[in-house]
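User: I would like a close look at one part of this model. Please take the interface between the two chains, and relate it to what lies within a chain.

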Number of protein chains: 2
Amino acid sequence: MQGIWLEKQQLQLKSDLPIPDSPAGEARIKVLRAGICNTDLELLRGYYPYTGILGHEFVGVVESGAPNLINKRVVGEINAACGKCHFCLTNQPTHCEQRTVLGIVNRNGAFADYLTLPVANLHAVPDQVTTDAATFTEPLAAALEIQEQVKILPEHNVLVVGDGKLGQLVAQTIALTGCDLLVIGRHHDKLEKLALRGIKVGFEDIVSPRSFDIAIECTGNPDGFNLALFGLRPRGTLVLKSTYAGKLTLDASAIVVDEITVVGSRCGPFAKALDLLSQNKVDVTSLIETCYPLEEGLAAFSHAQQRGTLKVLLKMDS
Amino acid sequence: MQGIWLEKQQLQLKSDLPIPDSPAGEARIKVLRAGICNTDLELLRGYYPYTGILGHEFVGVVESGAPNLINKRVVGEINAACGKCHFCLTNQPTHCEQRTVLGIVNRNGAFADYLTLPVANLHAVPDQVTTDAATFTEPLAAALEIQEQVKILPEHNVLVVGDGKLGQLVAQTIALTGCDLLVIGRHHDKLEKLALRGIKVGFEDIVSPRSFDIAIECTGNPDGFNLALFGLRPRGTLVLKSTYAGKLTLDASAIVVDEITVVGSRCGPFAKALDLLSQNKVDVTSLIETCYPLEEGLAAFSHAQQRGTLKVLLKMDS
């Protein structure tokens, strides 16, 4: 089968990869669509030394290994957990110490014709959700993780920093809380997408210092972090939603003096994400920049790496 | 009067300072004893551009301005708040935006014969608490602030990094929760003080990775921060208790991937600290390294700046 292989920070399109057998408890899935995420770009830059097929945002059809789901469209949680460790036994499988992670840690990913995942990780895609839209389940779940960790109330002032792929999803999900939301970005066209949904947007010069209860950093760069901290009130909460390639240098004294809480946030609830998609409460398909067939995967990556690009999809069912 | 004056990162012992008049709502206090804190040393290194008399840990006797406290021994909360802003009106006066801070921000401090503070900031020292012990009220309250912010239960594994002045107080207060506590330091004699109280102690080589629910950083240096993060389990809480001169460089991706919560922690509850002191539940006087008269204040600072020094006190009533 074909697949996009990462090794030593180099991408290759391989066409002689074996179709994977699904081990016990896992299903084999024919991939229909997959999305390129910033984490894929960070992996390419060496954020984590992964070797294998990239990709973790996908929709596919179950071929074998999950009798109840055969021929059904599914999305899949990306952390494959051991089921036995402290984290698994306390319902925190995304933090399993022995976990493999689809296209990120010791598990071939979704930029290929086939993948395997534990049956327990799979969620059927409701009929009313298109395959393109369902490709956003994983990042939408990650956006929803913020609300699993931090209670956001209508009386809160919330700042989202970043108008990219992740910022767009975070902003849309946070807006559903009814809070007073401001999204800061650097791209007029991207901010306009949010403004059309009634969300307040602007450039960084409109951020009042020390005025937000909660600030959510979705840029993955130090400027974004510093803007989020600048806008946050004392005793406010700063949510870090992006992985960073390299180290972040910050003013830790400001965190101490203002008694700031910083919360790291990663993978989230798939069921809730699928609910939002099936109820049409978020708009994800307008975030699709373009779609490439898998065999043009390297061109797709070049496109995704251009600054300011929204979601680039790979299509396997063409 | 005499006082230790900081200006442009230089200390001077001045002997011609005016005895302060207490403005309306403030009391004039004759200082009996004061403690040199790491924040004083950080100010000397330029952590914040303060000019004036240093010092914020003190015990004194009220001379005027507080009829109910005349001739009584008092300690004082260091943040003088405006009483009118959002933070004051929501019972967070330590975060008042217009606050002055004793010996730190726009308010002459305690390393002098006299100081003034708002009457509302003062707490009478119970008779059974010695003046030496009461000098630790402010840092002990700061240690107790951790428990105002983070719920620590007997089933928690807690790591305290640092065996210095702050680490000692934090360790003693955390031990009172009944949690499973380990204190890591670099000084056999200081760790021994805690071991004598039945607290588990050791050097950094005994820290198991990813195993503590809560880690409390009390060193103010990047090594301490990194050790605390190393010991913390996924979804754990890292409390930052020290101010840092300069920036801290960290692996923000680790905070995101492990969904760590970082909590900055500063000033705390004086009443609770005085309660602990009057009930003899913590031992502070064994942390006194030495005591100098105010006129030898510069020598006291030199002593306090030596690595590994515990609490250096200044005595004004000799």
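How many salt bridges does the count come to over all chains?

Analyst: The count over all chains is 28 salt bridges. A salt bridge here is a side-chain nitrogen of Lys or Arg within 4 Å of a carboxyl oxygen of Asp or Glu.

Some ground rules come next. This is a predicted model, in which local features need pLDDT of at least 70, side-chain atom pairs count only at pLDDT 80 or more, and totals for chains, interfaces and linings use all residues. Residues are numbered from 1 along each chain as its sequence is written, chains are lettered from A and ligands numbered from 1 in the order in which they are written, and side-chain values use heavy atoms, with hydrogens and water left out.

Now the interface. In chain A, 38 residues are in contact with 38 residues of chain B; contact means heavy atoms within 4.5 Å. The area buried between the two chains is about 3300 Å². That is the accessible area (1.4 Å probe) that the two parts lose on being put together, summed over both. Carbon and sulfur atoms give 52% of the buried area.

Four salt bridges are counted between chain A and chain B. Glu97(A) pairs with Arg210(B) in a salt bridge, with 2.9 Å between the closest N and O atoms.

On the side of chain A that touches chain B, the elements that give two or more residues are α4 (137-149), β15 (232-240), β16 (248-250), α8 (252-257) and β17 (261-264). Helices (H or I, at least four residues) and strands (E, at least two) are DSSP runs, numbered from the N terminus. α8(A) gives the most, with five residues. By class, this side of chain A divides into 15 nonpolar, 11 polar and 12 charged residues. Ala, Val, Leu, Ile, Met, Phe, Trp, Tyr, Cys and Pro count as nonpolar, Asp, Glu, Lys and Arg as charged, and the others, Gly among them, as polar.

β17(A) runs antiparallel to β17 (residues 261-264) of chain B, joined by three bridges. Two strands pair if DSSP finds at least two bridges between them. Thr261(A) stands opposite Val263(B).

Within chain A, Glu63(A) and Arg28(A) form a salt bridge, at 3.4 Å between the closest N and O atoms. This pair links distant parts of the chain: Glu63(A) lies in β5 (residues 57-64) and Arg28(A) in β3 (residues 26-36), 35 residues apart.
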